[in-house]
Amino acid sequence: MNFITIDKSNWTKGIEKSRETYQIFGPVEDKNGCRIEPLEAGVQPIMDADVTVMSPKSVLFPQTETILTADLDESKDDHHIMKRAKQQYTPRAVLGIRPYDARAIQLVKLNFDNPDYQDPYWCDAYEATTFVGLGVNRPGPCDFSTSTGCGPFSEEGLDVLLADLDDRYLAKVLTPKGEAWAAACGFDAGADAKESQALFDILRKEAEKNISTDLAFDKLAQKSILDLYEAPFWDDVAFSCINCGTCTYVCPTCWCFDIQDETKHKKAARFRIWDTCMSPLFTSHASGHNPRESKVHRVRQRFMHKLKYFVDKYDQGIMCVGCGRCVASCPVNIDIREVCKTMNNYEKK
Amino acid sequence: MDTCIEKIKAICTDLFSKGEVEKVIGFAGGSIPMATRPIAVTSEADVEKLVFNAFCGLNLANYVTKNNLPKDGAKIAVVAKGCDARNLVTHMVENQVPRDQVYIIGVPCTGMADKRRIAQRFEDEITQCTQDGDTFTVTSALQQEVIAKKDVLRHNCQYCTHRNPPVYDVMAGEPVEEQILDQPFPDVDHIASMDPETRWDHFAELTKNCIRCYACRNACPLCYCPTCFVDESSPQWVGKGQDETDITTFHFLRAFHCAGRCTDCGACVEACPMGINVRDFTRKLNKDALDLFGWEAGMDLDRRPPLDVYSPDDPDDFIK
């Protein structure tokens, strides 16, 4: 395990140098705070940004992604044959993501990269990406990431973890990908491993003090699916829900998508878009029947998936990293922490 | 305004004890600073859960629809600011809910706070916010500020001329003075003064970061269509990706669907997670309805909306 000191006066120069190898992503100003986007040459990531409204899942899984294209011009030999859309999978580095978002990508990986199925688009993007996280010194009131198996200085899924020490970053290089990134930036001022780790431990403990929610989900796995499914509290949980897709779109772990085909003149494209289980269309059948016809069904589905089906299927805890984005953005303040508590404490009478 | 809550609770307790309503739709406290949540209170014991403060910015008429009224004709009560009450009236005028099934607890409103404007004053995340009358004490890890409500009022509340419900069954307080504005639509006038190219750019920029979550639509009491045109799949009227044309198609059509119906309650903007001021679309239509037809939605149970009546005095020639 390698530690490097990066003087902030060298940071920008290093990042610009790394552009010889990497396409850079990071938080940039947007009228709505910050969002994580590809950064044009000269544009620097805002490393001390507040939590971004949208998570970095879009770096690997864009909201709209063309996956196949075809030429409809019948004079061409290959007309109407769908071919994989040309995408760039050259190395990219995502800077300043929060540690819980890196764990979220590992949870999303369970869906896109597993023994049964490897999604070529997601896997190629993942392979090309180096994740450079920044420890969160002051977690906000919606952050409950210490409960979900990560926390403000978690290393899971990261290639490099940075700690902000005012005038410098202390970098913990965690993987060969991380080493390559640091080398490409020219960051090579080694730091004492023992002292550095001690510093990380102090920062982590200080940061964790800001997180007051201790979320328990220890009893979810033992509960019967049907008991939870038929529990009487869903009407209350769902009452205020307006059934928008905000919670699912801001969620770093929601991975559901829809496939759409569109044609324009002689070109056809098949693309995938984020889908949301909050929408009636999500389960609308061609027959007109909809098995999740009311918002209560849909709200229940969202929480059952995150807090029960996922727990049972993968044995990796809940499908939530505690970033609190859904809590912060929900127009009607539906709080997954409360729903989790209600489910965890539920005993069928 | 915070004294209203005691009156609201007393009214609700009375309604439940007399068995006059099946439930009360109001606001409950939220789990994070500056948040509230709509709630249905069904018993006297739960009346304590109700709150009313400057963060009750959604429109509760959205929770009063044909399908969720009691089937046996029983009444429900709704805590209604001026705009919520106007949207209840709109529901009634549009034959969605019968007047005699809704008990309107009118709240004289002095405006809602804009959470984004408050958050902009802070470098880090807000950890606590308390309201005392017309001031807030807001705290983050780095700062504490005392903020006057008038300095962080939502834009629609600054230009509101119907703070008191025009129709109600009981008022939870003395009516407040209505604002008289010299320029009720400066924002619309500003956009109208742009040359077409600039105006197009303005709207393109406005919706640029739309994620199509449809929170604006779903927070709106007017959007009660069983299936919205964007959710139709056969035929599919509009593409579902992030294409600019599809995004603007949604916003334009949604706005036009609200013409002569919108009360400028601001719930759409309140709900938008991306900070898009979708009222830039609807406000123009509200101004047109007022200028051309002298119409403001939801003011009168007996007057038909301009878009469903023919009048020989119609300002347009083509229809005569």
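1. Overall dimensions. The model is predicted. The C-alpha trace of chain A spans about 70 × 65 × 40 Å along its principal axes.

2. Secondary structure and burial. Eleven helices and twelve strands make up the assigned elements of chain A. Of its 349 residues, 42% count as buried. Contacts in chain A between residues at least 6 apart in sequence include 71% that join residues at least 24 apart.

3. Domain division. Chain A is divided into domain 1, residues 2-208, and domain 2, residues 225-345. A distance of 25 Å separates the C-alpha centres of domain 1 and domain 2 of chain A.

4. Contact between the domains. In chain A, 35 residues of domain 1 are in contact with 30 residues of domain 2. On the domain 1 side, the elements that give two or more residues are strand S4 (64-71) and helix H2 (99-112) of chain A. The residues of this side of domain 1 comprise 17 nonpolar, eleven polar and seven charged.

5. Packing of H1 and H4. Helix H1 (residues 8-18) and helix H4 (residues 176-185), both of chain A, pack with their axes 7 Å apart and at an angle of about 110°. Angles of 65 to 115 degrees count as roughly perpendicular, and H1(A) and H4(A) are therefore roughly perpendicular to each other. From H1(A), the residues Gly14(A), Ile15(A), Lys17(A) and Ser18(A) meet Trp181(A), Ala184(A) and Cys185(A) of H4(A). By class, the residues of this contact of H1(A) with H4(A) are four nonpolar, two polar and one charged.

6. Contact between the chains. Chain A contributes 37 residues that are in contact with 34 residues of chain B. On the chain A side, two or more residues come from each of helix H8 (246-250), strand S11 (257-264), strand S12 (267-274) and helix H10 (325-329). The side of chain A that touches chain B divides into 16 nonpolar, 13 polar and eight charged residues.

Key. Residues numbered from 1 in each chain as written. Chains lettered and ligands numbered in written order. Predicted model: local features only at pLDDT ≥ 70, side-chain atom pairs only at ≥ 80, totals over all residues. Axes fitted to C-alpha atoms, helices over the stretch in contact; angles between N-to-C directions. Helix = DSSP H or I, 4+ residues; strand = E, 2+ residues; numbered from the N terminus. Parallel < 35°, antiparallel > 145°, perpendicular 65-115°, else oblique. Contact = placed C-beta atoms within 7 Å. Nonpolar A, V, L, I, M, F, W, Y, C, P; charged D, E, K, R; others polar. Domains from an automatic or database assignment. Buried ≥ 20, exposed ≤ 12 C-beta atoms within 10 Å, placed from the backbone.
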